[in-house]
Amino acid sequence: MTSTIDDELWAAIGDPTRRRLLDLLLADGSGTATSLSDHLPVTRQAVAKHLGVLERAELVVSRKDGREVRYVVNEAQFSRAVEQLASVGAAWDARLRRIKTIAESIQALRSKTE
């Protein structure tokens with residue numbers, strides 16, 4: 001793997017509600033805890049806590065907009081997550097190819113002895 005895996009980043013992304021929040025923010029460009037909670041089966045307070053986790057993982061950035069706090073996806077950190085996921089996927093693809101080669105070798109040996 002070429003990049004170091006960031007456990008805090010993946011712990012934040014690991015929660016389905018937080019992934020849905022990221023989906024909503026990516027689709028709409030920005031949102032508040034109130035506007036985002038309208039699309040989820042959780043309270044505004046729960047959304048605010050999830051947004052806090054995403055912000056600590058630097059996946060979202062907040063800014064005051066009048067009396068509200070507006071959140072947007074931090075594109076640099078999101079791109080970093082995509083790169084890490086691609087790296088993990090490539091590593092697993094390589095592992096699975098090795099397992100397939102070993103399994104085919106075993107099968108070939110069994111075929112010769114039968």
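Beyond its neighbours within four places in sequence, Arg 19 is in contact (heavy atoms within 4.5 Å) with Ile 13 and Gly 14. The model is predicted: local features need pLDDT of at least 70, side-chain atom pairs count only at pLDDT 80 or more, and totals for chains, interfaces and linings use all residues. Residues are numbered from 1 along each chain as its sequence is written, and side-chain values use heavy atoms, leaving out hydrogens and water.

**Arg 19**
- Arg 19 belongs to helix α2, residues 16-28; helices are DSSP runs of H or I with at least four residues, and strands are runs of E with at least two, numbered from the N terminus.
- The side chain of Arg 19 reaches the backbone oxygen of Gly 14 at 2.8 Å.
- Arg 19 is partly exposed, at 37% relative accessible area (buried is under 20%, exposed over 50%, partly exposed in between; 1.4 Å probe, protein chains only).

**Helix α5**
- Helix α5 (residues 75-113) has 39 residues.
- Its buried residues are Gln 77, Ala 81, Gln 84, Ser 87, Ala 91 and Ala 94, and what covers them includes α1 (7-13).

**Sheet**
- Three strands form an open sheet in the order β1-β3-β2, with antiparallel pairing (strands pair if DSSP finds at least two bridges between them).
- The edge strands, β1 (31-32) and β2 (60-65), each pair on one side only.
- Strands β2 and β3 (residues 68-73) are joined by six bridges.

Definitions and conventions:
Polar contact = N/O pair within 3.5 Å; in protein donor to acceptor, adjacent residues only side chain to side chain. Expected span 1.5 Å × (residues − 1).
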